Amino acid sequence: MTARAAVAWALLGLFALRAEAAAEAVSADGRWRVVGQPTQVVVFDGAERVRTLAARELHGSAGGAARQVQYLPARRSFVISFEAPMRELWELSVDPGAAPVFDGLVHDHRMGEAIGAPGFLGVRRTPLDDPIDALAADAAGGPYVLARSAGAWHLIHLDARRAIARYPRRLHGD
């Protein structure tokens, strides 16, 4: 086994891979529910619909049905993957104290050089090279998600909003 393969196997041991992709998830306290539908993502607070988001990439060029929704308790957020042709991973925060969301490049947000959208119920988008067909959340609650595409596993850093490592799928026997 190569060193790269050993690292990939070790990473899989740290993440909780869901056997079945579900396009719906509920927060740990049962208050929040996120449901992926063919053209939108719906957020519920209890039984009340509080937000409906079009399932489209930031610039509206592609859309897709939500494939998988997972709740990340340590981050108080949901992570959402989409079917092709959409190539984004979303993180939707249900934390009222969440930091604002800045789409695109910002020189210095602390100096007011950009206008952010509210972080609470806001979407942090991670652009991807390929659509994702499975997610594995960091069991320790860190800012990482393993995402499986057609050809590889991608280690995604949710705070940086980008993939920081790529491992071929064949290393994992899937």
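1. Two strands are taken to pair if DSSP finds at least two bridges between them, and the strands themselves (E, at least two residues), like helices (H or I, at least four), are DSSP runs numbered from the N terminus. By that reading, strand β4, residues 40-45, runs antiparallel to β5 and is joined to β5 by six bridges. Within this pairing, glutamine 40 has alanine 54 of β5 as its bridge partner.

2. This is a predicted model, in which local features need pLDDT of at least 70 and side-chain atom pairs count only at pLDDT 80 or more, while totals for chains, interfaces and linings use all residues. Residues are numbered from 1 along each chain as its sequence is written, and side-chain values use heavy atoms, with hydrogens and water left out.

3. Strands β4 and β5 belong to an open sheet of four strands, ordered β2-β3-β4-β5 with antiparallel pairing. Because β2 (24-26) and β5 (48-54) each have a single partner strand, they stand at the edges, and one side of each is left without a neighbour in the sheet.

4. As for the protein as a whole, 45% of its 174 residues are buried (under 20% relative accessible area, with a 1.4 Å probe and protein chains only). Of the contacts (heavy atoms within 4.5 Å) with a separation of 6 or more, 48% are between residues 24 or more positions apart.

Key. Buried < 20%, exposed > 50% of the residue type's maximum accessible area, 1.4 Å probe, protein only.
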